There are 2 protein chains.
Amino acid sequence: MEDNAVIFVGDKPVMNYVLAVMTQFNKPVSTVTLKARGRAISRAVDAAEITRNRFMLNIIVKNITIGTEAIQSEDGKTVNVSSMEILLAKT
Amino acid sequence: MEDNAVIFVGDKPVMNYVLAVMTQFNKPVSTVTLKARGRAISRAVDAAEITRNRFMLNIIVKNITIGTEAIQSEDGKTVNVSSMEILLAKT
């Protein structure tokens, strides 16, 4: 049993990420980390909430951290983007 | 000295909320809670990160919680919206 699975949340529909979380927990892994940057942060929260309220009632939010990442944009500039990690675990 | 100030993060520019956080800490209060729902969640994270990285280096993220709120929409339907609270404190 692997310890942790990481899922990067981007621009896809939120249910894609809900399904990814459930797939990982059913492998099984003991914890899943949702990682998101910028506007995808609210989608990561949605994915965590939908998973634990509607599909896997035995999942808890174990930890949440926020941070800032320096991203190199296409024209060479560095922009700071907020990031977030949500650690989900089975009870 | 009041204990905690609550700031609701909505659709305004992020710097409005950064300024609001700094104003509260300078009152002073000991902690500030940023509350946001839906898409404003990523703006709340931005406001927390900008405040503590650029303006008030003695501020830490003490706790983050996420949840779901049932909102009554204008046509009478109930929709579930993700919510988030970021608790900031002076070190």
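These legends describe several close-up views of a predicted model.

Residues are numbered from 1 along each chain as its sequence is written, and chains are lettered from A and ligands numbered from 1 in the order in which they are written. Local features need pLDDT of at least 70, side-chain atom pairs count only at pLDDT 80 or more, and totals for chains, interfaces and linings use all residues, while side-chain values use heavy atoms, with hydrogens and water left out.

**View 1. Chain A, its confidence and its fold.** Chain A has an average pLDDT of 95, and 98% of its residues score at least 70; pLDDT is the predictor's confidence in each residue, from 0 to 100. For the complex, the predictor gives an ipTM of 0.91 and a pTM of 0.93. Chain A holds two helices and four strands, and the pattern read along the sequence is β-α-β-α-β-β. Helices (H or I, at least four residues) and strands (E, at least two) are DSSP runs, numbered from the N terminus. The C-alpha trace of chain A spans about 45 × 25 × 20 Å along its principal axes. Of the 91 residues of chain A, 41% count as buried, where buried means under 20% relative accessible area, exposed over 50% and partly exposed in between (1.4 Å probe, protein chains only). Among the contacts in chain A with a separation of 6 or more, 70% are between residues 24 or more positions apart; contact means heavy atoms within 4.5 Å.

**View 2. The two copies, chain A and chain B.** The same surface serves both copies, as 100% of the contact residues of chain A recur in chain B.

**View 3. The largest pocket.** The volume of the largest pocket is about 430 Å³. On a 1 Å grid over the protein atoms alone, a pocket is an open set of points where a 1.4 Å probe fits, with protein on both sides within 12 Å along at least five of seven lines, and lining residues have an atom within 4 Å of a point. Grid points are joined across faces, edges and corners, and the volume is the space filled by probe spheres set on the points. Thirteen residues line this pocket, and A:R39, A:S42, B:R39, B:A40 and B:S42 are the closest to its centre. Two or more lining residues come from each of α2 (40-55) of chain A and α2 (40-55) of chain B. The largest share, four residues, is from α2(B). By type, the lining divides into two nonpolar, four polar and seven charged residues. Here Ala, Val, Leu, Ile, Met, Phe, Trp, Tyr, Cys and Pro count as nonpolar, Asp, Glu, Lys and Arg as charged, and the others, Gly among them, as polar.

**View 4. A:D46 in helix α2.** A:D46 is found in helix α2 of chain A and is partly exposed, with a relative accessible area of 26%. Leaving aside neighbours within four places in sequence, A:D46 is in contact with A:V14 and B:S82. A:Y17 is 29 residues from A:D46 in sequence and 9.4 Å from it in space, C-alpha to C-alpha.

**View 5. The cis peptide bonds.** Most peptide bonds are trans. A:K27 and A:P28 are joined by a cis peptide bond, with omega about 5 degrees, and A:P28 sits in the loop between α1 (14-25) and β2 (31-37) of chain A. In chain B, a cis peptide bond joins B:K27 and B:P28, again with omega about 5 degrees. B:P28 is placed in the loop between α1 (14-25) and β2 (31-37) of chain B.

**View 6. A:Q24 in helix α1.** A:Q24 lies in helix α1 of chain A and counts as buried at 18% relative accessibility. Beyond neighbours within four places in sequence, A:Q24 is in contact with A:A5, A:I7, A:V29 and A:V32.

**View 7. A:G67 in strand β3.** Strand β3 (residues 59-72) of chain A contains A:G67, which counts as buried at 14% relative accessibility. With neighbours within four places in sequence left aside, A:G67 is in contact with A:V81, A:S82, A:S83, B:E49 and B:R52.
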